[in-house]
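Trainee: Please take a close look at a single part of this model. I would like one connected account of how that part is packed.

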Amino acid sequence: MGKTLYLNESAGDLYVKRDGPSVWITARETAGRRVPARLLSRVVVMGNIKLDARAITLFAENDIPVVFMDNSAEETAMALPYNHRLPSHYDEQKVFLESEENTGRYEKWAQAKRTVFQMDVLRKLAPSLSGLLTFGIGEGNYQQVLSELKPKSEDKWSVITGIINSLFRGLIMEHVLKADLDPHTGVIHRRHNFGFVLDICYIVGAESDIQAVQFFRAERKVSLMEKRQNAWRVAEPGMRDIIHRFENKRVRLSNLVGTVIDEIFELMRELRI
């Protein structure tokens, strides 16, 4: 598993260009540095930086997804490698959409997995509830408990979860591409761009929730957000907090996503028998 390259406009006059099989990164008043593409798994671009088109091509050549976002979570995009051939498992994925029975089987499995992750997160966030979670918890109950842990401002919550979800989508996209699956053939998010990636985001959604809750617990001690023109955005210390927490858990999250994809392959094989 490679590293994540974070490119943040806060570095000042950041410029990224291709240099052979690497990218050369320069910023105001700092020495340039070379980053070989072979060491990377994904790239996250935050804010307005100068990014050479040939650098994006380099990432595409190495199957490295590039996530673009800002610190208010209002603008997000993703650049993917282009391949005119369909992914190897495209036809196998379509088995979930061949009948209502298959679709229902997938949705039931996805909801069960989502519940498992929700219960695990609640045990960590609200240990006093552990004894009540033996037999599972419904979506409504989970959201009710989560509402008690969220900040009063729904706008602030939306900004933070939007940024964290963008990081999750980049991580999930990396695994989907490596597994040679189609990122758009979703079931829960059918006919959506990146529908399959969104399906997995939905399944592991509680992992995003816990990181958001932990962010706001940290914000009680120091200001990590700011309001500009009546809109909340993440301050530079807040963005560092989000990235630091995500990277600390990246290996575990990567293994978790890999396990979910393995189970999807098992379900595909079962439905094709």
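**Helix 6 and its neighbours**

Mentor: Helix 3 and helix 6 pack with their axes 8 Å apart, at an angle of about 40 degrees. That angle makes helix 3 oblique to helix 6, oblique being what is left after under 35 degrees (roughly parallel), over 145 (roughly antiparallel) and 65 to 115 (roughly perpendicular). Axes are lines fitted to C-alpha atoms, for helices over the stretch in contact, with angles from 0 to 180 degrees between N-to-C directions. Helices are DSSP runs (H or I, at least four residues) numbered from the N terminus.

This is a predicted model, in which local features need pLDDT of at least 70, side-chain atom pairs count only at pLDDT 80 or more, and totals for chains, interfaces and linings use all residues. Residues are numbered from 1 along each chain as its sequence is written, and side-chain values use heavy atoms, leaving out hydrogens and water. On pLDDT (the predictor's confidence in each residue, from 0 to 100), helix 6 has the highest mean in the chain, at 97.

Helix 6 and helix 9 pack at about 115 degrees, with axes 11 Å apart. Contact (heavy atoms within 4.5 Å) is made by F196, I200 and I203 of helix 6 and V257, V260, I261 and I264 of helix 9.

Seven of the nine residues of helix 6 (195–203) are buried, so the helix is largely enclosed by the rest of the structure; buried means under 20% relative accessible area, exposed over 50%, and partly exposed in between (1.4 Å probe, protein chains only). The buried residues are G195, F196, V197, D199, I200, C201 and I203. Their cover includes helices 2, 3, 5, 7 and 9.

Terms used: Helices (H or I, at least four residues) and strands (E, at least two) are DSSP runs, numbered from the N terminus.
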